[in-house]
Amino acid sequence: MQQRRSHGSGHRRAHGWSTAIATHSPEDVDRIHAYAAEHLDELVRQLADWVRIPGVAGVAGNQMTLQRSANWLASALRATGFPRVELWEVEGGAPAVYAEWLAAPGAPTVLVYSHHDVRSVKPENWGQVDPFEPAVRDGRLYGRGTSDAKGQVLCHVWGLRAHLAATGRSAPAVNVKLLVEGEEEALSEHLAQLLEDHPEATGADVVMLSDTVMWRADAPAVCVGLRGSLNASLEVVGPGRDVHSGAVSGPAPNPVVPLAQLVAGLFDEDGRVTLPGFYDDVLPVSDEERAAIAALPYTDEDWLERSETHAIVGERGWSTLERLWLRPAVEVLSVVAGDFEAPTRGAVPSVAHADLSIRTVPGQTIPRVADQLRSWVKERMPDHVDWDLTIPMEPTQEPYRTPDDVPALQVLRDAMADGWRVGSVGQMRNAGGSPASLLHDATDAPVLFFGTGLPEDHWHDSDESVLIDMLRMGTATLASFWGRLAASAG
């Protein structure tokens with residue numbers, strides 16, 4: 001994709017803004033919070049309505065529900081006041097919603113990115129609600145997409161409304177563009193093409209990506225980066241068909257064995273990934289950032305309770321949060337072979353299959369890590385089985401780190417302090433991937449991250465939910481951000 005470098009007349013580059021951050025008066029913050037609190041029930045009702053549209057990504061025949069999801073959002077944006085709202089159709093994919101409100105000549109332009117598609121569900125595993133029949137329980141709204149990421153999108157909608165109400169303005173103090181795609185859960189397959197086909201979206205001074213989690217609801221921390229993501233599938237073939245073990249057991253090549261040996265060999269005794277050269281390109285992390293992460297409230301007991309992971313493993317020499325955010329990782333997502341549902345046929349399986357997920361960090365690149373995985377598998381696979389390693393290279397999700405000297409980053413810190421009514425906020429990163437690097441390359445603008453998710457929200461799992469208080473504080477944060485950003489730029 002060709003990178004777009006022009007940002008239109010009147011748009012000032014983000015790195016040229018003043019570093020003097022304008023403050024809000026207590027009255028400004030009070031008005032924002034009053035509006036957010038007064039309209040919180042309406043936000044929750046809207047979110048529940050949207051969640052009832054099962055816009056699941058990557059499911060054949062689900063095009064019309066994704067279309068309804070996009071149309072629902074487009075209507076909400078028009079009702080908010082956006083003068084331009086469009087559905088961008090994708091051939092063979094799900095529609096994206098684009099809106100812009102450009103009524104502040106000379107002020108910064110912000111491109112907000114998120115998504116309206118959701119992950120698939122297994123309704124039989126949901127114990128709180130039916131996935132698409134949302135309900136409020138104990139201060140949480142349950143339902144697929146409440147946190148990832150429809151709730152985050154609606155925080156932007158209501159944040160703009162709160163900004164207008166608190167300031168008495170008829171249009172935002174900055175120029176706002178909103179791009180909410182419908183394929184993020186399918187690795188944003190057509191996002192690069194969308195941006196190339198619609199260059200008007202890429203004219204921005206800063207990008208805000210809202211598809212992230214925060215460390216704790218009572219400990220706001222600005223996210224400054226995400227890991228990259230690479231998926232791979234390995235298929236190993238032994239016999240030409242499943243064969244009765246009583247007839248061939250012993251001399252028959254069982255594909256499960258080399259696959260299990262390979263998966264077990266992914267890590268050494270110190271928890272380090274054994275791919276050759278895997279850590280060679282990892283950029284060092286500053287002492288300041290490690291100290292900021294160490295300052296976040298953390299206990300093993302709290303992490304294990306909220307993550308429901310039951311134990312802490314991984315690379316020695318790094319704290320749990322450093323392993324989660326600063327270090328690369330490899331995960332085995334699935335291993336499938338033989339009769340995994342009873343009753344067993346007592347047969348040596350013909351095929352064994354594993355899915356891998358690799359999380360990369362700044363300095364590493366997806367093509368180089370893919371080559372490392374290919375070489376490692378080739379060295380270890382025995383001759384008596386056939387195998388095929390599949391590594392999709394398009395689209396890619398490279399890691400991204402927001403530069404420390406971006407003035408808008410400090411604006412976001414201060415806006416979060418307003419939203420949570422605290423003196424200052426911490427700093428963190430996120431463990432997952434996103435199209436942040438793609439958005440940066442397309443706009444030539446720095447990327448900020450703000451999300452209202454929490455580790456305990458059960459993204460991609462059963463009983464997904466969002467803490468309603470996070471929606472309120474997220475709305476207040478974004479309302480403050482727009483006014484602060486305009487003031488900081490002049």
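1. Let's start with "buried": that means under 20% relative accessible area, with exposed over 50% and partly exposed in between (1.4 Å probe, protein chains only). By that cut-off glutamate 315 is buried at 5%. Keep in mind that this is a predicted model, where local features need pLDDT of at least 70, side-chain atom pairs count only at pLDDT 80 or more, and totals for chains, interfaces and linings use all residues. Residues are numbered from 1 along each chain as its sequence is written, and side-chain values use heavy atoms, leaving out hydrogens and water.

2. Glutamate 315 pairs up with arginine 327 in a salt bridge (2.8 Å, N to O); the term covers a side-chain nitrogen of Lys or Arg within 4 Å of a carboxyl oxygen of Asp or Glu. Arginine 327 is buried too, at 10% relative accessibility.

3. How many salt bridges does the whole structure hold? A search finds 29. One of them joins the side chains of arginine 290 and glutamate 322 (2.6 Å, N to O). Arginine 290 sits in helix α8 (residues 287-294) and glutamate 322 in helix α10 (residues 320-325), so this pair ties together parts 32 residues apart in sequence. Helices here are DSSP runs of H or I, at least four residues, and strands are E runs of at least two, numbered from the N terminus. Arginine 290 is partly exposed at 29%, while glutamate 322 is buried at 7%.

4. Arginine 140, in strand β5 (residues 140-142), is worth a look as well. Its relative accessible area is 12%, so arginine 140 counts as buried.
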